[in-house]
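Subject: Structure handover

Hello,

Please find the structure below. My notes on it follow.

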Amino acid sequence: ILTLASLILFILWRKKAFPFLRPLSVLFFVFALLTKESAISLPIILVFYDFLLGGKTGLTGAAKRAAKSCWPFVLVGISFVLLRSIVMKQADLPPPLVTFEWRMLVLGPWHSLIMTLSPVNWAHVLYLFGRLVEVPALLYLVTAVAVLLVTVVPLVFRQLQTAFLLWWILAGAAPLFALGLAPSERHVVFSSAGAA
């Protein structure tokens with residue numbers, strides 16, 4: 001709820017330009033991080049929103065606009081990840097909770113897509129996904145093709161809202177990258193809200 005509130009305030013700030021809305025959005029983001037660490041995906045989602053839907057400028061202008069608009073969120077997110085890393089290492093937790101596996105770079109986006117877009121029982125899909133993991137080369141190939149299709153095809157057809165939604169779903173993998181967590185349905189709740 002807090003992450004969604006932060007996103008809504010950011011969108012209102014972008015559309016209506018009330019100066020107090022962006023700091024309020026940042027504050028809600030801080031509260032969201034303190035409530036649920038998977039809120040770490042919000043800065044990425046905001047960058048995607050601002051880049052794709054924030055205004056009518058070219059590619060370079062959109063990138064500059066997104067960087068200028070989203071830097072406070074990125075700064076808060078990076079600070080949170082660094083602070084969390086220090087605290088978790090001092091808590092003497094098992095390695096799976098505090099170490100990052102490069103395999104997550106593949107598993108994270110694929111898991112986010114499956115969990116959000118699967119038209120069938122996601123538990124069954126994850127079982128099949130688990131079987132796919134047993135053949136790493138095939139897993140990497142299927143993931144690369146899926147992520148490429150999801151990120152590029154909507155842009156080719158100039159479907160920017162669709163691109164934003166699909167990129168938002170992929171951003172649901174951010175907690176896996178930033179925090180070294182194992183894929184779980186709790187990381188795609190916010191992406192599912194976007195899909196809804």
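Asp50 is buried, at a relative accessible area of 0% (buried means under 20%, exposed over 50%, partly exposed in between, with a 1.4 Å probe and protein chains only). This is a predicted model: local features need pLDDT of at least 70, side-chain atom pairs count only at pLDDT 80 or more, and totals for chains, interfaces and linings use all residues. Residues are numbered from 1 along each chain as its sequence is written, and side-chain values use heavy atoms, with hydrogens and water left out.

Asp50 sits in helix α3, which spans residues 42-53 (helices are DSSP runs of H or I of at least four residues, strands are runs of E of at least two, and both are numbered from the N terminus). Leaving aside residues up to four places away in sequence, Asp50 touches Phe10, Arg14, Arg65, Ala66, Ser69 and Cys70 (contact means heavy atoms within 4.5 Å).

Overall fold

The chain has eleven helices and zero strands. Of its 196 residues, 40% are buried. Among contacts with a separation of 6 or more, 67% are between residues 24 or more positions apart.

Nonpolar cores

The largest nonpolar core holds 30 residues, and Leu7, Phe10, Ile45 and Leu46 touch the most other members (a nonpolar core is a set of buried Ala, Val, Leu, Ile, Met, Phe, Trp, Tyr and Cys residues joined through side-chain atoms within 4.5 Å). Two or more residues of this core come from each of α1 (2-16), α2 (21-35), α3, α4 (59-90), α9 (160-171) and α10 (174-179). Another core lies apart from it, with 15 residues, including Val106, Phe129, Leu132 and Leu166. Leu7 has contacts with Leu42, Ile45, Leu46, Trp168 and Phe190, again not counting residues up to four places away in sequence.

Aromatic pairs

The whole structure contains eight aromatic pairs (rings of Phe, Tyr and Trp, the last by its six-membered ring, pair if their centres lie within 6.5 Å; planes under 30 degrees apart count as stacked, over 60 as edge-to-face and the rest as tilted). One of them is Phe10 with Tyr49, edge-to-face at 6.4 Å centre to centre and with 80 degrees between the planes. This pair links distant parts of the chain, since Phe10 is in helix α1 and Tyr49 in helix α3, 39 residues apart. Phe10 counts as buried because its relative accessibility is 0%, and Tyr49 counts as buried at 5%.

Tyr49 also pairs edge-to-face with Phe164, at 5.6 Å centre to centre and 70 degrees between the planes. Tyr49 lies in helix α3 and Phe164 in helix α9, so this pair ties together parts 115 residues apart in sequence. Phe10, Trp13, Phe29, Tyr49, Phe73, Phe164 and Trp168 form one aromatic cluster.

Surface

The chain exposes about 11000 Å², of which carbon and sulfur atoms supply 72% (areas come from the Shrake-Rupley method with a 1.4 Å probe; for residues, only the protein chains shown count as cover). Val135, Leu138, Leu141, Val145, Leu148, Leu149, Val152, Val153, Val156 and Phe157 make a nonpolar surface patch of about 900 Å². Patches are made of residues with over 30% relative accessible area and no salt bridge, with like charges joined within 9 Å and nonpolar side chains (Val, Leu, Ile, Met, Phe, Trp, Tyr) within 5 Å; a salt bridge is a side-chain nitrogen of Lys or Arg within 4 Å of a carboxyl oxygen of Asp or Glu. Val156 belongs to helix α8, residues 136-156, and counts as exposed because its relative accessibility is 58%.

Regards
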